[in-house]
Amino acid sequence: MVSFHSNGKFLLTGEYLVLRGALSLALPLKFGQSLEVKPLDGDENLLKWTAFTPDGVWFSTDLNRETLQIISADDRVKAEKLSSILQAVKQLNPDAFSKRGLEFVTRLGFNPEWGLGSSSTLIASLSRWANVNPYELLRMTFGGSGYDIACATAEQPVLYQLVDGNPQVESVKFSPVFSDRLFFVYQGQKQSSSKEVGNFKERMRQMNFEKEIDEVSEITKSLVSNVSFDDFCRLLHEHENIISHCIGREPLQQHFPDFEGTIKSLGAWGGDFFMAVTEWDVEKVKRYFAEKGLSVVFKYSEIVL
């Protein structure tokens, strides 16, 4: 048996504009997904796949090893998506499934509705198992900038940038002395990253974002240069206003007018997690958001690798 583990992700800066080459700061997470692969005794033309979440079996399916078509499945939609991913793996490595029957088991370490990277962690681990380029496999399946693929195998935060369409990844020390004032809150609504990417690409056809890309890149550089707490909050506020202008949505802060601090969207706006920066203690933070119906709150140290 062979096994792999890939980290989940947060995109702290550069959401949307990372697609156009903005320098972005991405955070690998302690939560992730594992992949185990072992030879299957019995039917040599069978691929068995079982996916687990913390609550138990997520879905399972049997596939034909040669055609990668579905034989049986308890969730047809998920199985069809998995089949298309494996077809892409086979295009990149024709020998990936050529030897014998195999059993795959994935174990997600977080609620799949949280949007922490159930897709990217799968792509990253499958790519290592099949010895294929993870960014190419991502392009063929889900699309996106690839920052989540960079986080999947990172051991610390990374600066991520697309240069002429090619990913550039640099490990960076990002450990603010005020990290105890940084919190991550789940909004309760998972966003479709591929849908958001499509919507933004349509908007890109109508607008030129060169100025905003440069501004966001400079903010990213500033945030990793040991700025003060006040400057950190100011930079996040500036970043929110820039992205708000680019995508035509109001900053999330406006939905929490009585929050004493700064709120920063992460990744696709409108769902998943956001960052809350405040001098309130953890109990007051949790109490405030619980009153807003948001009960999933993590301290920085609890979730960021």
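The side chain of Ser24 reaches the backbone oxygen of Ala22 at 3.3 Å. This is a predicted model, in which local features need pLDDT of at least 70 and side-chain atom pairs count only at pLDDT 80 or more, while totals for chains, interfaces and linings use all residues. Residues are numbered from 1 along each chain as its sequence is written, and side-chain values use heavy atoms, with hydrogens and water left out.

Let us stay with Ser24 for a moment. Ser24 lies in strand β2; helices (H or I, at least four residues) and strands (E, at least two) are DSSP runs, numbered from the N terminus. Ser24 counts as buried because its relative accessibility is 0%, where buried means under 20% relative accessible area, exposed over 50% and partly exposed in between (1.4 Å probe, protein chains only).

| Side chain | Backbone atom | Distance |
|---|---|---|
| Ser24 | oxygen of Ala22 | 3.3 Å |
| Ser24 | oxygen of Thr13 | 3.4 Å |
| Asp75 | nitrogen of Val77 | within 3.3 Å |

Not counting residues up to four places away in sequence, Ser24 touches Leu11, Thr13, Gly14, Val18, Val158, Leu159, Tyr160 and Thr220 (contact means heavy atoms within 4.5 Å). One of these, Leu159, stands opposite Glu170 in β8. Strands β7 (residues 158-163) and β8 (residues 166-171) pair in the antiparallel sense over 6 bridges; pairing requires at least two DSSP bridges between two strands. They form a hairpin with 2 residues between them, and Asp164 in the turn has a positive phi of about 55 degrees.

Now to helix α1. Its 17 residues (76-92) should span 24 Å at 1.5 Å a residue, and the end C-alpha atoms are 25 Å apart, which agrees; the expected span is 1.5 Å times one less than the number of residues. Ala79, Leu82, Ser83, Ile85, Leu86, Ala88 and Val89 are the buried residues of α1. Their cover includes β3 (46-53), β4 (56-64), β5 (70-73), α2 (118-130) and α3 (134-141).

Next comes an open sheet of 4 strands, in the order β10-β11-β9-β12 with antiparallel pairing. β10 (261-265) and β12 (297-299) are at the edges with a single partner strand each, so one side of each has no neighbour in the sheet. Within the sheet, β9 (residues 182-186) and β11 (residues 273-278) pair over 5 bridges, and Val185 stands opposite Phe274 in β11. Helix α7 (residues 229-247) packs on this sheet, touching β9, β10 and β11, with its direction at about 45 degrees to that of β10. Helix α8 (residues 282-291) lies across β9, β10, β11 and β12 and runs at about 160 degrees to β12. Axes are lines fitted to C-alpha atoms, for helices over the stretch in contact, and angles run from 0 to 180 degrees between N-to-C directions.

Finally, the cores: a nonpolar core is a set of buried Ala, Val, Leu, Ile, Met, Phe, Trp, Tyr and Cys residues joined through side-chain atoms within 4.5 Å. In the largest, of 47 residues, Phe10, Leu17, Leu27, Phe184, Phe232, Phe273 and Met275 touch the most other members. Helix α7 gives the largest share of this core, 9 residues. Apart from this core lies another, of 29 residues, among them Ile85, Leu122, Val132 and Ile149.

Conventions:
A polar contact is a pair of N or O atoms within 3.5 Å; within protein, one must be able to donate a hydrogen and the other to accept it, and residues adjacent in sequence count only if both atoms are side-chain atoms.
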